[in-house]
Structures are given as C-alpha cells and as structure tokens.
Amino acid sequence: MSITMDFLLIMISLMAAEFSLSESTTFKIFREKKDHGDARDSCSAKGMFLAKDTSAERHSELLALISREGLTSSDFWICGNRKCCKCVFEIDGEDLGGHQPWAPGQPNGGGGCLQLWSAENHQWDDDSCSAKKFYICESTDILTTTELPIDTTTPTVAVCELPKNLRNVAVGKTAKQSSVKSGKLGPDVGPEKAVDGNRDADAKKGKSCSWTKKEREPWWTVDLGKRFNIYEVVITNREDCCPFRLKNAEIRVGNSENFEDNPVCGSLIIGKMVKEKPIHVQCGCESPMKGRYVSVQIVDKKQMLTLCEVEVMAQ
Ligand SMILES: [Ca+2]
Ligand SMILES: [Ca+2]
C-alpha cells in the first residue's frame with residue numbers, strides 16, 4: 001500500500017517537474033551517432049527523453065553544455081518533428097511557442113527532424129531524420145536521485161483522472177499494417193479488423209483481429225482522418241493463444257503519416273500488461289497527445305503482431 005502511494009507521489013512529482021524548467025533539469029550529450037528515431041529511443045531506454053529546446057533559458061543551457069564539452073563543431077539531435085506535410089515543426093506533439101531560434105533561412109524543408117546546427121552556432125535546422133548525429137537527452141533530478149527502475153514491469157499506474165467525455169475515434173477508420181498473415185486466415189486478419197468495433201479476442205475463430213506475418217518490428221497504423229486530443233489507447237490482445245507476442249509493443253501518436261516520426265505514447269507494453277483485458281496505455285491527462293495517426297509496433301523483435309481491437313480514446 002505504502003509502496004503504491006510512494007510510487008504515485010513520485011509520478012506526480014515527476015509530472016510537475018517536466019512542466020517547469022528549474023535547476024533540476026539536466027541535459028546530457030551522448031557521443032554516439034544515431035538517426036533521430038534511434039536517438040529518441042536511446043534516451044528513452046536511459047529513462048530520459050530527447051532534449052526540449054522550448055525556451056531561451058534552455059537554449060543557453062544547451063549551448064553552454066556543448067561548449068563545455070568542446071563539441072562546438074558537432075551537430076546534435078534534439079526533440080522536434082515536422083508536422084505532417086508542412087514545413088511547421090512541433091516539440092513532443094506541442095506547437096512551438098515564441099522561442100524558435102531557427103538558423104538563417106531555416107526551416108528549408110531539408111527534413112522532418114530538428115537539430116542544433118553547428119554551422120550556425122547551434123541554432124535550429126530541419127534535417128533528414130535518417131542522418132546520424134550525436135544527440136542530447138534530458139532528465140530531471142528526481143530521475144537520477146530516486147531509484148525508479150527504468151525497465152519496470154509495474155503496469156501503467158493511473159496518476160490522473162481522464163476526462164469523462166472521451167470516445168473511441170478509431171472505429172471504422174482506415175488502418176494499415178506491415179503485412180498480412182498468409183494462409184487461409186489471410187482474408188480475415190486484415191488491419192481493419194483492429195478497428196471494426198468488435199473486441200472478440202479469439203484471433204482464429206472471432207475473425208475480428210488483425211494479424212501480420214512473423215517479421216522484424218511488425219507495425220499497424222490507423223489514420224483518424226483529422227487531428228484529435230488523444231488521452232489513452234486501449235488494446236484488446238488475443239486471448240486464445242500467445243498473449244506474450246505483444247510484448248515490446250510501442251504506441252506512437254502524431255501528425256506524421258510516417259509513424260516513426262511521431263512521439264511515443266506512454267510506456268512499452270511489457271511484463272504482465274499483455275494479459276490485461278483490455279490493456280490501457282495512457283498518453284496524457286492534463287496534456288493529451290495531439291495527432292491524426294496512431295501506430296502500434298513491436299520493437300526490437302521478430303514477431304507477429306495481432307490486435308483484436310485498438311480503441312483511441314480522444315476528445
Ligand atoms: Ca534545413
Ligand atoms: Ca476487432
């Protein structure tokens with residue numbers, strides 16, 4: 001009981017810390033070159049996130065760090081992606097505020113990801129997300145001074161109450177997946193089965209689950225048709241067999257049709273979460289994630305992806 005309360009308190013403090021810049025924010029440079037998506041995942045695996053350059057104060061701290069480490073001739077990935085199809089950027093799904101230190105002539109459509117560009121005194125530049133660069137992660141003191149396990153198997157804990165008026169905006173929308181399982185089940189396991197409004201969890205008999213081939217990092221996506229404020233994604237895993245196959249499922253929400261450019265919602269589906277009926281993954285409460293596309297992908301594994309229903313709870 002007290003452990004649960006402590007955990008809740010830590011989570012609540014963490015949320016508070018994320019929204020205010022104070023001395024507790026720590027930026028850290030990683031001197032290994034990765035593409036933007038891998039850099040973000042690498043921060044995440046360390047219990048951190050790609051650095052958010054959202055104020056003049058943060059920008060000066062980043063420049064000071066780069067200078068201290070003698071890396072003024074290197075480029076760095078930071079948090080920030082192009083919104084779908086436009087030369088307009090956002091940071092972690094949030095629109096940019098007044099602080100936008102673009103380098104002269106930028107953004108020029110050079111790519112969908114935000115870098116601190118050495119050629120222009122580490123002002124912002126849009127560059128190709130697949131380019132490999134050093135990157136800067138961010139954390140708060142609370143992460144480094146408490147012993148919160150990074151790879152926790154604790155199920156998602158609700159730290160805030162979701163609004164009451166949420167509805168599933170995914171049902172009947174256009175879905176895609178990386179492949180369709182071959183064989184006689186093929187016609188009955190297309191991507192649309194995960195948004196047919198039916199939670200039947202018998203993947204073989206129910207004819208209401210999507211199912212890919214066994215492949216590396218299989219994925220499924222849905223186009224909601226327009227941008228929504230997304231609070232939670234609810235997944236019905238198959239129950240007739242093999243719930244473990246959904247381990248390492250990562251949900252992303254955003255405005256890029258290329259789902260890998262979108263930020264991650266909640267944490268990976270791990271441990272006993274795969275047996276929850278259904279699985280709830282929260283994207284945010286006070287600040288929901290904004291986006292038109294929702295994806296589910298099994299990361300770092302060769303596996304089949306089966307989804308009996310994906311409900312996107314939004315306003
Ligand atoms: Ca550029
Ligand atoms: Ca279904």
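A disulfide here is a pair of cysteine sulfur atoms within 2.5 Å. By this rule the structure has five disulfides. This is a predicted model: local features need pLDDT of at least 70, side-chain atom pairs count only at pLDDT 80 or more, and totals for chains, interfaces and linings use all residues. Residues are numbered from 1 along each chain as its sequence is written, chains are lettered from A and ligands numbered from 1 in the order in which they are written, and side-chain values use heavy atoms, with hydrogens and water left out.

**Stop 1: Cys 209 and Cys 308**

Select this pair. Their sulfur atoms sit 2.0 Å apart and form a disulfide. The S-S torsion is about 95°, so the bond is right-handed. Cys 209 lies in the loop between E10 and E11, and Cys 308 in the loop between strand E19 (306–307) and E20; 99 residues separate the two. Strands (E, at least two residues) and helices (H or I, at least four) are DSSP runs, numbered from the N terminus. Cys 209 and Cys 308 are buried. Buried means under 20% relative accessible area, exposed over 50%, and partly exposed in between (1.4 Å probe, protein chains only).

**Stop 2**

Asp 196, in the loop between strand E10 (174–177) and strand E11 (210–211), and Glu 309, in strand E20 (residues 309–314), are 113 residues apart. Asp 196 is partly exposed at 34% relative accessibility. Glu 309 is buried, at 1%.

**Stop 2: Cys 43 and Cys 137**

Now select Cys 43 and Cys 137, a disulfide with an S to S distance of 2.1 Å. Its torsion is about -85°, so the bond is left-handed. Cys 43 is in helix H2 (residues 36–45) and Cys 137 in strand E8 (residues 133–140), 94 residues apart. Both cysteines are buried.

**Stop 3: Cys 265 and Cys 283**

Here the sulfur atoms of the disulfide are 2.2 Å apart. A torsion of about -85° makes this bond left-handed. Both Cys 265 and Cys 283 are buried.
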